[in-house]
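These are my notebook entries on one chain. I went through salt bridges, strand pairing and surface charge in turn.

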Amino acid sequence: MFGFVKYLFKLQFLFILAAVLAGLYRTEIKQFASRHAANYVDNADANGETVSLQFKAANEATLLTPAELSKYNGEDGQPIYLALLGSVFDVTRGIKHYGTGCSYSFFVGRDASVAFISGEFEEYDPQTADDVLSLKPNDLLGLANWRDFYEKEYIYKGKLIGRFYDEQGEPTTYYQKYLALLEQAQIAKAEVDELRSKYPGCNIEWSEAKGTRVWCTNTSGDGKERAWTGYPRKLYSRGNTNFNCACVPESELDQIDTDGGKAAHGDAMFKTYDNCSSRAKECFYRV
């Protein structure tokens with residue numbers, strides 16, 4: 001009995017020694033293994049043997065077909081995946097939002113990018129659900145913000161084969177078009193942001209009797225006091241039918257109103273309010 005116990009202690013000691021040596025000589029062991037693996041492949045090749053080696057990096061993106069993605073719906077112990085602009089994310093830890101019957105379960109197991117903007121969760125049409133090229137520039141920016149959110153808050157799993165990525169995981173022509181439109185939207189937004197800093201926003205209020213009223217003060221917009229008050233104008237960015245109200249100083253009104261609001265402002269432009277004179281201090285409109 002005592003001899004058996006001694007044997008166990010000896011065996012335990014050998015394991016500990018092996019672990020210590022592995023830690024001290026980890027680099028040498030890896031080099032040894034790599035060198036002998038290379039020699040094996042070379043010898044096999046010289047002898048006419050075929051050696052099939054398939055290595056997959058831990059961070060290599062998984063490619064999923066729509067049918068495969070649909071299985072990750074949280075049922076029968078499956079994790080919960082969704083796709084946005086062709087990128088697949090594991091949202092299992094958000095089960096209270098994405099679980100069956102929950103607020104965002106509509107997005108589970110599919111790419112329903114358009115619904116992030118439209119808010120329509122009733123019907124899913126695979127032919128149009130991720131067709132984003134017809135969206136407005138601000139909507140494309142919104143989608144990009146959503147993807148940034150998922151990349152930050154959830155686990156990126158890979159790519160969905162389809163509209164945005166091909167069977168090799170390479171970006172499609174469609175995806176390249178989306179990126180080009182997104183870049184244009186970002187440039188237009190930057191121009192508007194620059195103009196907003198130069199031309200502060202208006203004060204805005206609504207009443208049932210008069211509709212929306214816009215007017216300028218020397219603190220409207222960012223709340224910082226300035227030497228001038230300004231006059232309200234509609235400020236548009238490229239491709240958008242929506243506008244912001246901006247206060248324009250009197251010294252620039254003639255130039256802006258004469259050339260249609262496009263003078264030296266790239267794709268952003270100013271317009272006067274309908275039924276409101278160019279020197280009016282306040283304007284009213286109805287949506």
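**Entry 1: R93 and E153**

I began with the salt bridge between R93 and E153, whose closest N and O atoms are 3.5 Å apart. The model is a predicted one. I then looked up where the two partners sit. R93 is in the loop between β3 and α4 (95-98) and E153 is in helix α6, so the pair ties together parts that are 60 residues apart in sequence.

I checked the cover on each partner. R93 has 60% relative accessibility and counts as exposed, because the cut-off for exposed is over 50%. E153 has a relative accessible area of 31% and is partly exposed.

**Entry 2: R163 and D130**

Next I took the salt bridge in which the side chains of R163 and D130 meet, at 2.8 Å from N to O. R163 belongs to the loop between β4 and α7 (173-198) and D130 to the loop between α5 and α6, so this pair ties together parts 33 residues apart in sequence.

Is D130 buried or exposed? I found D130 buried, at a relative accessible area of 9%, because buried means under 20%. R163 is partly exposed, with 25%.

I looked up R279 and found a salt bridge with E250, the closest N and O atoms being 3.9 Å apart. The pair links distant parts of the chain, 29 residues apart: R279 is in the loop between β9 and β10 (282-285), and E250 is in helix α8 (residues 250-258). Both partners came out partly exposed: R279 at 34% relative accessibility and E250 with a relative accessible area of 46%.

I also noted one network, in which E205, R213 and E282 are joined by salt bridges that share partners. How many salt bridges does the count come to? The count comes to seven. As background I wrote down that side chains of opposite charge can pair when their charged atoms come close.

I turned to the surface and found a patch of negative charge where E120, E122, E123 and D125 gather. E122 is in the loop between α5 (115-118) and α6 (137-153). The relative accessibility of E122 is 75%, so the residue counts as exposed.

I went on to strand β3 (residues 87-90). S87 and F89 point one way from the strand, V88 and D90 point the other way, and all are buried. In a regular strand the side chains alternate between the two faces of the sheet.

Which strands does β3 pair with? Strand β2 (residues 81-84) is joined to β3 by four bridges, and the two run antiparallel. Strand β4 (residues 155-160) is also joined to β3 by four bridges, again antiparallel.

I then looked at the turn. The hairpin of β2 and β3 has two residues between the strands, and L85 there takes a positive phi near 55°.

**Entry 6**

I repeated the exercise for strand β7 (residues 231-236). The strand is mostly covered, with six of its six residues buried. Both faces are covered: Y231, R233 and L235 are on one side, P232, K234 and Y236 are on the other, and all are buried.

I listed the partners of β7. With strand β8 (residues 244-248) the pairing is antiparallel over five bridges. With strand β9 (residues 269-271) the pairing is antiparallel over three bridges.

**Entry 3: S105**

Last, I looked up S105, which lies in the loop between α4 and α5. S105 counts as partly exposed at 27% relative accessibility. I checked S105 against I80: the two are 25 residues apart in sequence and 9.5 Å apart in space, C-alpha to C-alpha.

Terms used:
Residues are numbered from 1 along each chain as its sequence is written. This is a predicted model: local features need pLDDT of at least 70, side-chain atom pairs count only at pLDDT 80 or more; totals for chains, interfaces and linings use all residues. Side-chain values use heavy atoms; hydrogens and water are left out. Buried means under 20% relative accessible area, exposed over 50%, partly exposed in between (1.4 Å probe, protein chains only). Two strands pair if DSSP finds at least two bridges between them. Patches are made of residues with over 30% relative accessible area and no salt bridge: like charges are joined within 9 Å, nonpolar side chains (Val, Leu, Ile, Met, Phe, Trp, Tyr) within 5 Å. Accessible areas come from the Shrake-Rupley method with a 1.4 Å probe; for residues, only the protein chains shown count as cover. A salt bridge is a side-chain nitrogen of Lys or Arg within 4 Å of a carboxyl oxygen of Asp or Glu. Lys and Arg count as positive and Asp and Glu as negative; His and the chain ends are not counted. The place of a charge is taken as NZ of Lys, CZ of Arg, CG of Asp or CD of Glu.
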